[in-house]
Amino acid sequence: MINEPSTAVVILNWNGRKLLEEFLPTVIAHTPPEAGRVIVADNGSTDSSMAYLNDLAANGKIEVMAFDRNYGFAEGYNKALAQLKGRFKYAVLLNSDVAAREDWLTPLIGFMEANTDVAACAPKLLSYREPDKFEYAGAAGGFLDRHGFPYCRGRIFDTCEADMGQYDTTADVDWATGAALMTRIGTYLDAGGLDPDFFAHMEEIDLCWRMRRLGMRIAVVPGARLFHLGGGSLPPSDPRKTYLNYRNNLIMLHKNLPPESRRGVLLRRRLLDTVAWAMNIATGKWGAARAIIRAHNDFRKMRKSFPARADKSTEADLAARPDIISQYFIKRRHTFSSLR
C-alpha cells in the first residue's frame, strides 16, 4: 500500500472536458503516486466534465473536489488549498492545459525539501505546440524590471527563445509561473493566497511578491519540465487581456512597493502607459488604447480598497533592475542573456 504522498497536484477545472481529455492523462502517467496525488477541483462545471472525472476517480487515478459553483481561478485555488491543509505539505497549482512527458514532480519536491526557505518554485515551462521553445507564461523563471514590467529567462515581451539549455541552472527569481506553481501550503495561506480581485493575469506575481515579503525565496528548477498550451483564456490581441494586464500590474505595484519608491514608480508607469496608449492610437488599435485608459481609471477607483504596503523596503529596489523597454525596443536586446 502506498503511503500518502507529500504533494497535491491540484488542477482547477470549469467546463473544460476537452482540455482534461487531452492533458490530464499525461499528468497522471508522469506523476509518481508515491510523490503526488492528482486532484481535480471542479468549479461547478455544467458540461460533461464531472462524468469524465468521476470515471477516472472510480478507477483510482485521481481525486475529485467538487465545488457548488464557479469560484473563479484565484478563489477556487484558495478554497482547494484550505481544504488540503494538514493533509499535504505541498501543492502544485497546475493549469488544465499543461502536459507532462516525464517525471516532473520529483525534482521539485527534492528542491523544496533541501531548501526550507523557499516558499514556491516552478519547473521550466516549454511550449506544448513548439516544445523546443520556451512558453510565454513563465519560461525559465520570472523577474520584474525597474518599472514593474514582468519578463522571464527565455521570454521578453512577445519574444520566446529556443531552449538550448542556456537557462538550465536553478535560480532565485522574482516570480514563478502560475501555470505550474509549487508551494508550501502553509506559506501560501499565510501570504493570503491568490488575490481574487485580480480576476486573471499577474495574480501569481503578486502572490510571489507577498511571499518574498515574508522573508521567503522563490525559485525555478529547470531540472523539471512541463509543456504549456497557453492562451486558453484570452488571446493576446483581446482588449480584455490588455485591460487586465495593465490594471493588475498597477494594483500589484500599489500593494507591494515600499512607500519610499511607490509614488515614483507609479508616476513613471503613467507616463510609459501614455506612450503605449499613443502607439496603439497611431497603429489603429482602438480597443487596446481604450483598455489602457480604462485600466488606469479603474485602478484609481480600486486602489482605495487595496492596502498599500507601509513597511520600509527590505529587498532590492526596483530602481536597480534593468529597464526592459529601452533594452528591448531601443538597444534591441531581445534575450535574457543579452540584458545589461
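**Strand pairing and helix packing**

Mentor: Strand S6 (residues 118–127) is joined by nine bridges to strand S13 (residues 217–228), and the two run parallel. Two strands count as paired if DSSP finds at least two bridges between them; strands (E, at least two residues) and helices (H or I, at least four) are DSSP runs, numbered from the N terminus. This is a predicted model, in which local features need pLDDT of at least 70 and side-chain atom pairs count only at pLDDT 80 or more, while totals for chains, interfaces and linings use all residues. Residues are numbered from 1 along each chain as its sequence is written, and side-chain values use heavy atoms, with hydrogens and water left out.

Opposite Lys-124 stands Arg-225 in S13. S6 is also joined to strand S12 (residues 180–184), here by two bridges and in antiparallel fashion; Ala-120 has Thr-183 in S12 as its bridge partner. S6 is mostly covered, with 10 of its 10 residues buried (under 20% relative accessible area with a 1.4 Å probe, protein chains only).

For the packing example, helix H1 (residues 17–29) and helix H2 (residues 49–58) pack at an angle of about 20 degrees, their axes 10 Å apart. H1 is therefore roughly parallel to H2, a term for angles under 35 degrees. Axes are lines fitted to C-alpha atoms over the stretch in contact, and angles run from 0 to 180 degrees between N-to-C directions. In contact (heavy atoms within 4.5 Å), Arg-17, Leu-20, Glu-21, Leu-24, Pro-25 and Ile-28 of H1 meet Ser-49, Ala-51, Tyr-52, Leu-53 and Leu-56 of H2.

Notes
Angles under 35 degrees count as roughly parallel, over 145 as roughly antiparallel, 65 to 115 as roughly perpendicular and the rest as oblique. Buried means under 20% relative accessible area, exposed over 50%, partly exposed in between (1.4 Å probe, protein chains only).
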